[in-house]
Amino acid sequence: MSKLFTKISLIFYILLTIFFIPYFSLSSLSLFSIIIVTIVSFRLTKARFLSLLRFPYLIACVLIIYSEYGSWRGFEPASILFSTLVLLKMFELNTKRDIYSLILIQFLHITSLSLLVEDFYYLFIIFMSLIVCFCNLYLVQQISVERLVFKKSITRILKFALYGSPIVILLFLSFPRFNFGGFLFSSSKATTGFSEELSPGDIAEIIKDPSVVFHVNFTKRIQRFDMYWRGQILAKNDLFSWEKSKLPEKRYTEKIFKKFDYFVTYDTLTSGPLFTLEKTRKVVLSSMGSLINLKGNLYRSNSIRNKKSRYKGWLGPELPAKLLDNYEEVYLQTNVPIDSEVIKYRNKHRSLINKPTEVALHLKDFFMKSFKYSTTPGVYNSANPLDEFLFRRKVGFCGHYASASATLFRLFGVPSRVVLGYQGGIFNKVGNFYVVTEKDAHSWVEYLAEDGVWTRFDAVSVVSPARIAFGADAFFEFEKLGLRDTSIEDFVSSRSGIFGELRQYIQNIYYQAGTLFFNYDLETQRNLFKKFISFKYGQWVLFYMPYLLLGFLLFLAITGREKIKSLLVFICINKYRSLKWLKYRTLTEPQLIDLIKDSSTSLVDLILMYQRLRYSRNESAFKELSFFFKAFKILVYG
Amino acid sequence: MKLSSNKTYILPSLFGLGMIAVTFLVFIIAITFGHPFSYFITFFLVSIIVVCAFSTNSAITKLKTFHFHDTFLECDNEEMVYVSISNREFNGPMSVHAISDMSVSERITFITKNNSKLRFSLKSDHCGISKLSRLKIYTKYPLGIFKAWKYVDSNKKVIVYPKRVKGKNIQQEFNFRNGVDQESSYNIETKDEFLEHRKFRDTDSWKHIDWKAFARGRGLLTKNFSGQESSALTLEVDRNDDLTYLGVITDELFRCYSSSIETIFLVNGDVLSRGTNKNHLYKCLRALASLGAKSE
């Protein structure tokens, strides 16, 4: 038994570690390998001194944790510690008790590993790991009765999982999920790829990460071209770089009374800037936390219990900016050397000064003529990178274009600012929602038009219109593959095959599971309840529902009790042997007894009782009631 | 407090308590970090624990029909007793523990399709006939998280017969007990073996009258002989016999039974049983058990 379980546990451990390899450091992986080699040699040679190495290995593990993380806090130290403990326990799997303790440590090990990940497919790995642990338990119990029942153990545990699934769903729906933020080792991190500064090239780093930022559900149709998700505004210029500064304007206070236009569910963010569409005039946070309405039509959420943010957004009309008197100090500030080529360019086109629309058109022409869009434009490290970009290399990513065009706007006397956020998203036909990933990270410019409205200017839309039209995901993949003979249109249509649809289905499951289960919290439960209450007759139904149900059941029991009894007997018989309803109707009670007399004695009793109740008059209600209890008992216990 | 025999009881096993503690720890981790997968693990563990509780409970509840027999037990000796259970009443192969008040050690039975007999051990220091004490059967099937048990009552008896004393010749014992004038139970004339008593008839020979019985006040009785020379061994016991003698008789009884030698068993001069079969053996053992109880 000990050999078998050491083998099973080792294979299981190695497979599990392979899945989680990216989350372990090289030194910890080396330690695990050394311990595995020691266990194998200990089992082969039976050399006692090898088992004495357990304590030094434990000290080595502690030292690795201390040297790499410098703390016990955190998921990584916990997972390394539990991984080592599981391995060390494998040295001494001699009795049933040892196997039981190993399985308990394995449960904690799986939990510690699960904290490292949030990707949906890891859920499957975690589920399978739990199944393996329970199969081991079943094997420990059964190994003395039957030999090697691996297959049977898996089917038995999967059966248990199936029986237990209603409990899991019920717990997921009814159990309010929240956390105590900061309790024990908890730490909350806000994760958006953006910092409060923009140097051209920053965004090219962000788009390398394919992780999902948020999902959006629209209640009305919005084109991808208009999906500019604003998160931060940078207004302080330093030649080719931009920084955050205080915005000289007031907040919008217009009230909107209509149904929300879009609903955003974040995947990772707990506290931080909310990415909203340009014309968003109202935002209401659906998750627990507080919402801050920032200047520049920006929003920020502060999560209370470390919950992921969810919000509803309302779109409104375009409104002129409520600027303060000193707005030009901020929105026209530049830090460009006087002798630079860009100043000479401005002086050459002096006629455009203070004409926002004309400047915008001019800049579109300017960029469209000879500029190139590239995710790898190289580093601009000359003394004046702005000149280098605009007049010599002319290759850049969105950050370069946004930075340069905002500076140019300002040089032409048009107030402007750089906006950071996301553009577009991948549409999921199955679930009718958009998925915005880090790949969609984008930056663009807003300039103050003649009517006082902040107007979007995105140079990328003219330099590389395909990026905006087909979305970042398709565009970057097309670029990466370097398909010169195929157009991007053909490439996009070729992607929508079986695999594309399968991907959408998986995405939809992930989103729905996330909304319905994993991010489901106390508030959503309340909302569900409120929804029901807000229904016109909701309260009435809610109050009288139990009585109605009870009454209906009583009515059924009194009027159709004969049929129910017959149906119950039929179901009970079918538990033991398959019998069709039509045939069942033609058989008499003695024939039924003949049919099942070898299967169950209690069922024979039930049929006799059924016969008695059916053919005798004035049987007491208690006897009838006991028939139902007996039938249910047979259904449950057999 | 004596728990009822008709109910099934269930409690977490030691491992089950550990499992519940781990589940609680995972739950604390889940609410601390708010991580959805930890919630999943917690809920999954809870669901399996609940399903397992139902399964363990049903496994033991289903075992309802037990076929007990009268149990013959040698004094001071641990014996294995088997109880048949119905084939239809168990889910699948599982281990069931059985223990009774008279058990010294706990026995595990692995119930499979081929084996549906539950075993448990019994031991007693005193001879006699008593009611079989109630049996506790329990199982940890299928995952060992819960232990479900029930008590089974039986109306059958435990017959504790005297400990077998080996190595002593039965004739020596007779001589030691009755002196040399021990009267033989054979018909001296024909060497026929004594069969039974019957009422004296006028036509009977006076030689066949059992005067010993007459002296004891039982009236005139004629000895009936088998009519042919018999190899049957007569074993006679008395209410005043001590345990050693009863042990010798028991041993002789078993020896004869195993080698199919016919025995005539007399208690206080009366023939209790005669034969070679099991029923005869049991009849004799019962008598020995009650005599053993008296001599103690």
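Student: Which helices of chain B each supply at least two residues of the lining of the second largest cavity?
Tutor: Helix H5 (243-258) and H6 of chain B. Bear in mind that this is a predicted model.

Student: Which one gives the most?
Tutor: H5(B), with 3 residues.

Student: How much space lies in that cavity?
Tutor: About 40 Å³. The count of cavities of 30 Å³ or more comes to 2.

Student: And what residues line the second largest cavity?
Tutor: Among them are B:Leu253, B:Cys256, B:Tyr257, B:His280 and B:Leu281. The lining divides into 5 nonpolar, 5 polar and no charged residues.

Student: What is B:Leu285 in contact with, leaving aside its neighbours within four places in sequence?
Tutor: B:Phe72, B:Ile159, B:Tyr161, B:Thr250, B:Leu253 and B:Phe254. B:Leu253 also lines the second largest cavity.

Student: How many residues apart along the chain are B:Leu285 and B:Phe72?
Tutor: They are 213 residues apart, yet their C-alpha atoms are separated by 7.8 Å.

Student: New topic. How much area do chain B and chain A bury between them?
Tutor: About 4800 Å², with 77% of it on carbon and sulfur atoms. The contact takes 47 residues from chain B and 56 from chain A.

Student: Which residues in chain B lose the most area to chain A?
Tutor: B:Phe33, B:Phe37 and B:Phe43. Together they account for 15% of what the chain B side buries.

Student: Last one, H21 of chain A. What should helix H21 span, and how far apart are its end C-alpha atoms?
Tutor: H21 runs over residues 561-576, so its 16 residues at 1.5 Å each should span 22 Å. The end C-alpha atoms are 23 Å apart, which agrees.

Student: Which residues are buried in H21(A)?
Tutor: A:Lys565, A:Ser566, A:Leu568, A:Val569, A:Phe570, A:Cys572 and A:Ile573.

Student: What covers the buried residues of H21(A)?
Tutor: The cover includes helices H22 (581-586), H23 (589-596), H24 (601-615) and H25 (621-637) of chain A.

Terms used: Residues numbered from 1 in each chain as written. Chains lettered and ligands numbered in written order. Predicted model: local features only at pLDDT ≥ 70, side-chain atom pairs only at ≥ 80, totals over all residues. Heavy atoms only, no water. Helix = DSSP H or I, 4+ residues; strand = E, 2+ residues; numbered from the N terminus. Expected span 1.5 Å × (residues − 1). Buried < 20%, exposed > 50% of the residue type's maximum accessible area, 1.4 Å probe, protein only. Contact = heavy atoms within 4.5 Å. Buried area = accessible area lost by both parts, 1.4 Å probe. 1 Å grid on protein atoms, 1.4 Å probe; cavity = no way out; pocket = protein on both sides within 12 Å on 5 of 7 lines; lining within 4 Å. Points joined across faces, edges and corners; volume = space filled by probe spheres on them. Nonpolar A, V, L, I, M, F, W, Y, C, P; charged D, E, K, R; others polar.
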